[in-house]
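Subject: Structure handover

Hello,

I am passing on the structure we talked about. Please look it over before you read my notes.

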Amino acid sequence: MPHLENTVLCRESQVSTLQSLFGERHHFSFPSIFIYGHTASGKTYVTQTLLKTSELPHVFVNCVECFTIRLLLEQILNKLTHYSSEDDCSTQMSCDTFNDFVRLFKQVTNVEGLKDQTVYIVLDKAEYLRDMEANLLPGFLRLQELTDRNVTVLFLSEIVWEKFRPNAGCFEPFVLYFPDYSIGNLQKILSHDHPPEHSADFYAAYINILLGVFYTVCRDLKELRHLAVLNFPKYCEPVVKGEASERDTRKLWRNIEPHLKKAMQTVYLREISSSQWEKIQKDDIDPGQLKGLSAYTHVELPYYSKFILIAAYLASYNPTRTDKRFFLKHHGKIKKTNFLKKHEKTSNHLLGPKSFPLDRLLAILYSIVDSRVAPTANIFSQITSLVTLQLLALVGHDDQLDGPKYKCTVSLDFIRAIARTVNFDIIKYLYDFL
């Protein structure tokens, strides 16, 4: 179909296979089809577009939203009810088990609009079905046989069929693989989105530059599309100002290169919103200076847990002999020549975190916290919570006779962000920054 060729790009083989499987509207199709591929490989988009364009009766359900068997089965039945009845205020169906679903499905599809054509049930994020009842997946695989209706179930997943197959065996679906888009495919798809105020060649040249920078680290179509929209105003800025023409690619590249390098640091992270990123590009500020939606501020910890983490970081990256200098108020005179690193050529941060005993952690904690902290069960439970969150790592076995040892696993940027929330200047207490 001409319309389908213009909307679904670089997936001609998969569309052709699905059209062959679907056949005519009144034909019995394959009972179950399993479609898999990496994220942003076009599985959902191709399936939805094909069903809508062909005007085939279908129900689309996301298994993340329908996280229980009841929600899933009721969603399918209620969508089919709305599909078949002209009255929008039809009653909501209740369904608790798969046996009830089979019985109610027969009733719903026994109407004039659905009786003589194939009904398609699309289950997106189908890997979540494995966490539900054991009979659900085998039941959907042979729903056509159980209901004696013309129905096809399509499973969309990011993992292979072998991870689904039950140990007891089941009906094997038709398996269809969606490979990742090649760089040529991405160029064609992204160039198709060019804004009307600019020529297609100009936007294609921009996409070529974008892929040249990001393709090695990111091949996710959604992420690349987001980056393309976000950075395009900066790319065409010299053209808008009249400083360069659309064919002056060298000048346009020099203008966009530093901004693409900044964007490279935050691929996938979404540390700042799109509006904040546009502000950075407009005002030429450093992304590190912009606070608000940084990923580091999303870690919410109790007040004393923050100080425990800071104390753990100091214990991991400061030599034991420096504790007296940093944390003892009346440590007397210490000769600078003896204290400063004489023979150490490598930074402790390059060597990585060292393990430390619990006693040392608590001693540093009592030193850096202004108020008096009693060594209660609450403090010890917070240390255990930090280990569970993988911000601290337990070294060795927890049943050691000489007490447990820990390591701090967070980065310097992370701990500086945490220290900033409690107004603690951690750099003053780090041996490497003397």
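Notes on a pocket and on a sheet follow.

This is a predicted model, in which local features need pLDDT of at least 70, side-chain atom pairs count only at pLDDT 80 or more, and totals for chains, interfaces and linings use all residues. Residues are numbered from 1 along each chain as its sequence is written, and side-chain values use heavy atoms, with hydrogens and water left out.

The second largest pocket holds about 460 Å³ of space. A pocket here is an open set of points on a 1 Å grid over the protein atoms alone, where a 1.4 Å probe fits, with protein on both sides within 12 Å along at least five of seven lines; lining residues have an atom within 4 Å of a point. The volume is the space filled by probe spheres set on the points, which are joined across faces, edges and corners.

Its lining has 24 residues, and A40, G42, Y45, L221 and K222 lie nearest the centre. α3 (43-53), β4 (151-157) and α11 (221-235) each supply at least two of the lining residues; α3 gives the most, with four. Helices (H or I, at least four residues) and strands (E, at least two) are DSSP runs, numbered from the N terminus.

Three strands form an open sheet in the order β6-β8-β7, with antiparallel pairing (two strands pair if DSSP finds at least two bridges between them). β6 (356-357) and β7 (392-395) are the edge strands. Two bridges join β6 to β8 (residues 405-408), and F356 has Y406 in β8 as its bridge partner.

Regards
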